[in-house]
Amino acid sequence: MAERREQTARDEVLTRIGQVVMLHHGGDREEARSRFLDLWAEIGEDGDPLHRCTLAHYLADTQDDPADELAWDLRALAAARELPEGRPRGVPGFFPSLHLNLAADYAKLGRTEAARTQLGHARAAADVLPDDGYGAGVRAAIGRLELRLEQDGPPGGGAWGPPRQRPS
């Protein structure tokens with residue numbers, strides 16, 4: 001019974017995160033950032049790693065400053081590493097996307113070697129991705145960013161990179 005209550009509470013937080021994601025995708029970036037930050041304050045630095053990973057991963061998308069985006073993506077990766085094996089089933093699928101996003105962050109900041117290192121982690125982790133649209137999208141984004149880094153490195157000053165891929 002206690003386990004069921006814990007699962008319900010966990011699902012409610014993920015539902016709330018999902019609602020804010022829809023707000024962000026609807027174009028209200030500022031309000032989404034505000035609500036995500038409120039959720040972060042509620043969850044706390046020591047909260048459930050799945051909640052922290054998911055929330056930080058999406059919160060990164062609402063940042064205006066690439067350094068802030070990097071900081072949130074690093075929080076997401078750190079929280080993902082705290083998740084026990086097998087919880088949830090899709091956790092290994094988080095890592096390719098998390099590393100891809102970090103690579104894009106580093107590229108935006110002109111840190112090409114760090115970007116390449118993260119792309120290597122993303123490519124190595126991509127073996128666990130399913131052969132579906134999500135997996136294909138992440139793999140394609142990895143390839144696009146690799147090509148950009150090989151061809152001309154990060155462009156000066158502009159926001160660029162692959163579209164952010166999210167675990168399903």
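1. R52 lies in helix α3, which spans residues 49-60, in what is a predicted model. The relative accessibility of R52 is 7%, and R52 is therefore classed as buried, the cut-off being under 20%.

2. The side chain of R52 forms a polar contact of 2.4 Å with the side chain of E82. Leaving aside residues up to four places away in sequence, R52 touches W40, I43, G44, E45, D46, G47, A79 and E82.

3. Helix α4 covers residues 66-82, and its axis lies 8 Å from that of α3, at a packing angle of about 160°. Because angles over 145 degrees count as roughly antiparallel, α3 and α4 are assigned to that class. Their crossing is left-handed.

4. On the α3 side, the residues that meet α4 are P49, R52, C53, A56, H57, L59 and A60. Their counterparts in α4 are E69, W72, D73, R75, A76, A79, A80 and E82. By class, this contact comprises nine nonpolar, one polar and five charged residues. R52 and E82, joined by the side-chain polar contact noted above, both belong to this helix pairing.

5. E69, a residue of α4, is among those that meet α3. Is E69 buried or exposed? With a relative accessible area of 6%, E69 is buried.

6. The side chain of E69 is joined to that of K108 by a polar contact of 2.9 Å. E69 and Y106 are separated by 37 residues in sequence, and their C-alpha atoms are 9.8 Å apart in space.

Terms used
Residues numbered from 1 in each chain as written. Predicted model: local features only at pLDDT ≥ 70, side-chain atom pairs only at ≥ 80, totals over all residues. Heavy atoms only, no water. Helix = DSSP H or I, 4+ residues; strand = E, 2+ residues; numbered from the N terminus. Buried < 20%, exposed > 50% of the residue type's maximum accessible area, 1.4 Å probe, protein only. Polar contact = N/O pair within 3.5 Å; in protein donor to acceptor, adjacent residues only side chain to side chain. Contact = heavy atoms within 4.5 Å. Axes fitted to C-alpha atoms, helices over the stretch in contact; angles between N-to-C directions. Parallel < 35°, antiparallel > 145°, perpendicular 65-115°, else oblique. Left-handed = near helix turned anticlockwise from the far one by under 90°. Nonpolar A, V, L, I, M, F, W, Y, C, P; charged D, E, K, R; others polar.
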